[in-house]
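Opening the notebook on a new model.

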Amino acid sequence: MDTISERNVAIQPLSTEWYYNKVAALDMLRLDLVHPVVSGNKWYKLRLNLKHAVDGGFKTIVTFGGGYSNHLVATAYAAKMFGLRSVGIVRGSHDMLTPTLQQCTAEGMELIFVSHEDYKNKHEPAWATNLVSHFDELFIIPEGGDNEWGRQGAGLISRFISNNYTHILLSVGTGTTLAGLRNKLDVKQQIIGFVPMKQGGYIKDTIAKHIIPEKNDNWELHDAWHFGGFGKCNDELLRFMNDFYTVNTIPLDIVYTGKMMYGVQALISAGAFAPDSRLLTIHTGGLQGNASVKDQLVY
Ligand SMILES: *Cc1c(COP(=O)(O)O)cnc(C)c1O
């Protein structure tokens with residue numbers, strides 16, 4: 001099993017063609033290089049959870065996700081690395097396993113399928129414990145790694161981010177990564193989150209609850225670039241991702257980072273930033289999510 005290596009993380013300047021004279025710098029933090037499966041932010045949200053599971057003598061990780069969940073497959077892989085069993089409680093029945101779920105199984109994760117209705121109990125530890133009653137010593141990680149350990153782990157990403165950047169731009173699902181970073185970064189650095197869900201801006205209130213009061217400022221969400229909704233994509237997005245790869249040699253994913261970078265480019269070309277702005281975009285990984293469009297991508 002190959003290892004998770006933070007030493008691979010790099011900051012890569014994007015081609016100036018991409019922003020001409022609109023901003024002073026546009027770079028990308030390549031968290032996707034941490035590991036191909038436990039990609040990007042997923043590793044940071046999991047690492048303190050797994051450490052506490054091991055330190056506390058727990059044997060089985062239980063977590064939750066849909067059929068295309070990057071979190072689920074990252075958990076399956078990382079739990080195995082830490083010598084822990086893993087169980088994934090999956091929303092919907094999936095008679096045909098998605099590529100993501102197949103990979104979860106291949107990493108030794110046991111999958112338990114529940115209806116969309118039952119899945120709404122995901123915040124009830126007793127419900128999950130009952131479903132997994134054939135194992136004990138359970139350590140439950142919420143969907144998306146969205147707990148205090150997840151946020152603190154995500155806060156560790158701040159060690160790669162210098163104070164010279166005026167804006168930090170990243171994709172948002174649960175907002176765990178954004179909240180963790182906001183709690184750690186200098187409040188003078190603006191954080192801009194891109195939500196890939198239709199009308200996803202509603203999660204702002206939920207995210208704000210997890211930000212310490214003195215840091216709960218200078219961050220915003222954009223939900224305009226959803227391309228039809230979560231997990232949806234179209235030719236325009238694929239063309240954009242192919243062009244981005246051709247110019248920068250960086251693969252983006254259709255669910256999160258492709259939409260984020262589309263939005264970043266739209267904001268830059270609309271003149272949303274002062275010319276002396278120094279932008280850092282974060283590549284949060286998720287490339288295994290491209291399996292369904294592999295033949296339409298140049299990478
Ligand atoms: C899961 C994921 C996100 C969302 O992270 P949150 O902490 O839930 O906001 C963003 N980008 C990629 C590639 C992801 O896999």
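**Entry 1: aromatic pairs.** This is a predicted model, so I'm keeping that in mind throughout. I looked up the ring pairs and got eleven aromatic pairs in the structure. I picked W43 and F82 to begin with: their centres are 6.3 Å apart with 40° between the planes, which makes the pair tilted. Where do the two partners sit? W43 is in helix α1 (residues 41-55), while F82 is in the loop between α2 (70-81) and β4 (85-91), so this pair ties together parts 39 residues apart in sequence. I checked burial as well. W43 counts as buried because its relative accessible area is 10%, under the 20% cut-off. F82 comes out at 30%, so I noted it as partly exposed.

F194 belongs to strand β8 (residues 190-194) and W225 to the loop between β9 (219-222) and α9 (235-248), so parts 31 residues apart in sequence get tied together. F194 and W225 are both buried.

I also found a cluster: W18, F227, F240, F244 and Y262 are linked by ring pairs.

**Entry 2: charges over rings.** I noted two of these. R85 lies over the face of F135, 4.3 Å from the ring centre. K204 has its charged end over the ring of W219, at 4.5 Å from the centre.

**Entry 3: the ligand.** I count 15 residues around the ligand, and the closest are K42, G173, T174, T177 and T284. Then I went through polar distances. A ligand oxygen is 2.7 Å from a side-chain N or O atom of K42. For G173 I got 2.7 Å as well, from a ligand oxygen to a polar backbone atom. With T284, a ligand nitrogen is 2.7 Å from an N or O atom of the side chain. How much of the ligand's accessible area does the protein cover? I get 98% of the 390 Å² that the ligand has on its own. The most come from α1, which gives three residues.

**Entry 4: T176.** I finished in helix α7 (residues 176-184), where T176 is placed. Is T176 buried or exposed? Its relative accessible area is 1%, so I put it down as buried. The T176 side chain makes a polar contact of 2.6 Å with the side chain of T174. Beyond four places in sequence, T176 is in contact with K45, G144, G145, D146, N147, G150, R151 and A154.

Definitions and conventions:
Residues are numbered from 1 along each chain as its sequence is written. This is a predicted model: local features need pLDDT of at least 70, side-chain atom pairs count only at pLDDT 80 or more; totals for chains, interfaces and linings use all residues. Side-chain values use heavy atoms; hydrogens and water are left out. Helices (H or I, at least four residues) and strands (E, at least two) are DSSP runs, numbered from the N terminus. Buried means under 20% relative accessible area, exposed over 50%, partly exposed in between (1.4 Å probe, protein chains only). A polar contact is a pair of N or O atoms within 3.5 Å; within protein, one must be able to donate a hydrogen and the other to accept it, and residues adjacent in sequence count only if both atoms are side-chain atoms. Contact means heavy atoms within 4.5 Å. Rings of Phe, Tyr and Trp (its six-membered ring) pair if their centres lie within 6.5 Å; planes under 30 degrees apart count as stacked, over 60 as edge-to-face and the rest as tilted. A charge sits over a ring if NZ of Lys or CZ of Arg is within 6 Å of the ring centre and within 35 degrees of the ring normal. A residue is near a molecule or strand if one of its heavy atoms lies within 4 Å of it. Accessible areas come from the Shrake-Rupley method with a 1.4 Å probe; for residues, only the protein chains shown count as cover.
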